[in-house]
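Dear colleague,

I am passing on the structure below, together with some notes on its aromatic side chains. Please read the notes with the model open beside them.

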Amino acid sequence: MLKDYEKDQFIPYTIIKQSVINNKLSHAYLINANNYEKAFDFALSIAKYIFCNNHYECSLDKNCSGCNICSRVDNFNYSELKIISSDSVVIKKEQLLELQNEFNLSGVENKYRIYIIKDCDKMNKQASNCLLKFLEEPAPGVIAILLTNHFSNILPTIVSRCQILRLNNLSSCDERNTLENFLVSSDNNGTLENDYSSEEKEKVLDNVLEFVLYFEENGLDFLIYLRKKWEFVISSRDNCIFAFFLLIQLYYDALKYKNSIKNYFFTEYIDSISSLASKNNTKQLIDKLEILQYGYDMLKCNLNINLLMDDIVIKMGDKNEYS
C-alpha cells in the first residue's frame with residue numbers, strides 16, 4: 001500500500017496523500033526514479049490509492065470493504081489502468097495513439113483513468129510529441145504517471161506540464177546517511193556529477209548554510225545578495241548541482257524533524273535543522289523541497305544558472321508569504 005512508502009519516500013508520499021485529501025490531483029506526474037528499484041511498485045501504489053474507495057489504507061486480507069480494485073490492479077486486469085513500456089528499445093507513437101483513442105472514451109468502472117509509462121525517456125520523437133498533445137489537452141479524470149531514471153532526456157515541454165516527484169535512492173543513501181560520512185567519502189555513488197575534495201565540499205557547504213540563513217531571514221529580499229553570497233556556487237554548474245543536493249538534504253532534515261523522524265543527513269547541525277523547521281510549517285517545507293528538487297533536475301538540463309537561481313528564490317519566497 002502507499003503507506004508502506006511513508007518513511008522511505010516521505011515527500012512524494014505526502015504530496016500524493018494531500019492531493020487526494022484536498023481533491024487537487026495533478027493530471028500528470030513525472031517520477032524521477034533515481035534508480036530506486038521499487039519505482040514501478042510505487043507508481044502502482046499511487047494508482048491504487050487513487051482508484052480505491054478506501055484509498056488502499058487497509059490490507060486486502062483484513063478489511064477493504066469488499067473492494068477488489070487493488071488486487072485487480074496488482075494483476076493488471078483493471079480496465080481503467082493502462083501500462084505502456086518499450087518494445088525492447090523505444091516507445092512508439094502508435095502505442096500513445098492507441099492509448100489516446102481508448103482514454104478518450106468515458107471510464108466505466110471509476111471516475112479516474114490512469115496510464116503509467118515505464119522508462120518514458122525511451123519515447124521516440126514522434127511518441128514524445130504525441131504524449132505532449134495528450135498532456136496539453138487532458139481528458140477529464142485522466143491521470144498520467146511517467147517513470148524515468150534519465151530525467152534530463154525528457155523534453156522540457158513535457159516536464160513543464162507535469163508535477164515532479166523525485167524518489168530517494170535508498171541503496172546509495174544508506175551507505176552515507178550523514179554529512180560527516182559524505183564529506184570524507186571520495187565516492188559519491190552517482191549522486192553528483194564529479195568527485196570533490198574535502199575543502200571544496202566544505203566551501204559549498206558553507207555557502208549552502210549561509211544561503212538558508214539569509215533566505216529564511218530575508219525572503220525575497222535575498223535576491224539582492226544572491227550573486228554575492230553564492231559567487232562560488234554559481235561559478236560552475238557542478239558546484240551548483242552539489243549545492244542543490246545539500247539544500248535538499250537540509251530541508252528534508254527539517255521536514256523529518258518537524259514530523260519526529262530521525263536519521264538526519266546533517267546530524268551535527270541539529271540547531272540549524274531545528275531553526276529551519278521552526279520557520280516553516282510542513283506544507284511550506286514540502287513546497288520548498290519540490291522547488292529545490294525541480295531546480296536540481298533542471299540544472300542537469302543545462303538551463304541558465306543565474307536565471308534558474310532567480311526563479312528558485314522567487315518561488316521559495318512566495319511560499320514564505322502565502323503558505
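Predicted model: local features only at pLDDT ≥ 70, side-chain atom pairs only at ≥ 80, totals over all residues.

Residues are numbered from 1 along each chain as its sequence is written, and side-chain values use heavy atoms, with hydrogens and water left out.

Rings of Phe, Tyr and Trp (its six-membered ring) are paired if their centres lie within 6.5 Å, and planes under 30 degrees apart count as stacked, over 60 as edge-to-face and the rest as tilted; by this rule there are ten aromatic pairs. One of them is stacked, because the rings of Tyr-115 and Phe-134 have centres 5.4 Å apart and planes at 20°. Tyr-115 belongs to strand β3 (residues 113-117) and Phe-134 to helix α5 (residues 125-136), 19 residues apart, where helices (H or I, at least four residues) and strands (E, at least two) are DSSP runs numbered from the N terminus. Tyr-115 is buried at 2% relative accessibility, as is Phe-134 at 5%, buried meaning under 20% relative accessible area (1.4 Å probe, protein chains only).

Phe-245 and Phe-265 pair edge-to-face, at 5.9 Å between centres and 90° between planes, and both are buried. Together with Phe-266 and Tyr-269 they form one aromatic cluster.

Finally, Lys-118 lies over the face of Phe-40, 4.5 Å from the ring centre, and the charged end of Lys-256 sits over the ring of Tyr-252, 4.9 Å from its centre; the criterion is NZ of Lys or CZ of Arg within 6 Å of the ring centre and within 35 degrees of the ring normal.

Best regards

Technical notes:
Buried < 20%, exposed > 50% of the residue type's maximum accessible area, 1.4 Å probe, protein only.
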